[in-house]
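Let's take a walk through this one together. Have the coordinates open and follow along.

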Amino acid sequence: MVRLTMRGYFEVHLAGSVRLAPLTADALTIGRAVGNEVTIDSNLVSRLHALVERFPAGWCIRDLGSTNGTRVNGVRLRSARTLRDGDRIEVGPARLVFHAPDGEIGTRTVGMELPPVPPVLTPREQEVLAALCRPYFAEGTPFPEPPTVRAIAAELHVTESAVKKHLARLYDKFGLIGNNDRRRSRLAAEAVRRGAV
């Protein structure tokens, strides 16, 4: 495999194969239509799905109003976002990994604030959190989905109601406010980021 380090590139993982998409211009389009620089042949992908552009501060990605959305590091893209070396992008069934150009200003982190320490957890909360995060440590699944409440309950041999109660306490402890279907994903991501598992 050729290593493209000077110009930067995307690794495009799709249907068990990997290809490289070099950053040869100041803009790169991603979508189902053949004219895109990164074409993804899937009905889950819009014809013109997302746009990657170069700015003085670095490379940014934005969703172009696609039907199924674009995710960066597991979080749905709501507005333009600056890409960092190693960022993972999900577009339909494809997984793209961004590799920043060598020496690119704005694409490499020069310092970072350490994440807050994880909250104190009960043994059962720790078990629920471990079951929730298990797919994030599995081989060959770079963009995992957290297990359902039912799957966690079956693994731990407890009721779904008990799992929901433990998850509610975990959401509070990790400061995850709101009630949406992505909260389990957000909790897993935050637990991994803060070293709770």
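Start at helix α3: the cover over its buried residues includes α1 (123–133), α2 (149–156) and α4 (183–193), where cover is judged by contact, meaning heavy atoms within 4.5 Å. Helices (H or I, at least four residues) and strands (E, at least two) are DSSP runs, numbered from the N terminus. Keep in mind that this is a predicted model: local features need pLDDT of at least 70, side-chain atom pairs count only at pLDDT 80 or more, and totals for chains, interfaces and linings use all residues. Residues are numbered from 1 along each chain as its sequence is written, and side-chain values use heavy atoms, with hydrogens and water left out.

So who sits under that cover? In α3, V163, H166, L167, L170 and Y171 are buried (under 20% relative accessible area, with exposed being over 50% and partly exposed in between, using a 1.4 Å probe and protein chains only). They span an arc of only 145° around the axis, so they fall on the same side of α3; the arc is taken from the directions from the helix axis to the C-beta atoms. The face turned away from that buried side carries exposed K164, K165 and D172. After α3 comes G175, with a positive phi near 70°.

Now for the rings. A search of the whole structure turns up one aromatic pair (ring centres of Phe, Tyr or Trp, its six-membered ring, within 6.5 Å; planes under 30 degrees apart are stacked, over 60 edge-to-face, the rest tilted). The F10 and F98 ring centres are 5.5 Å apart with planes at 55°, so the pair is tilted. Both F10 and F98 are buried.
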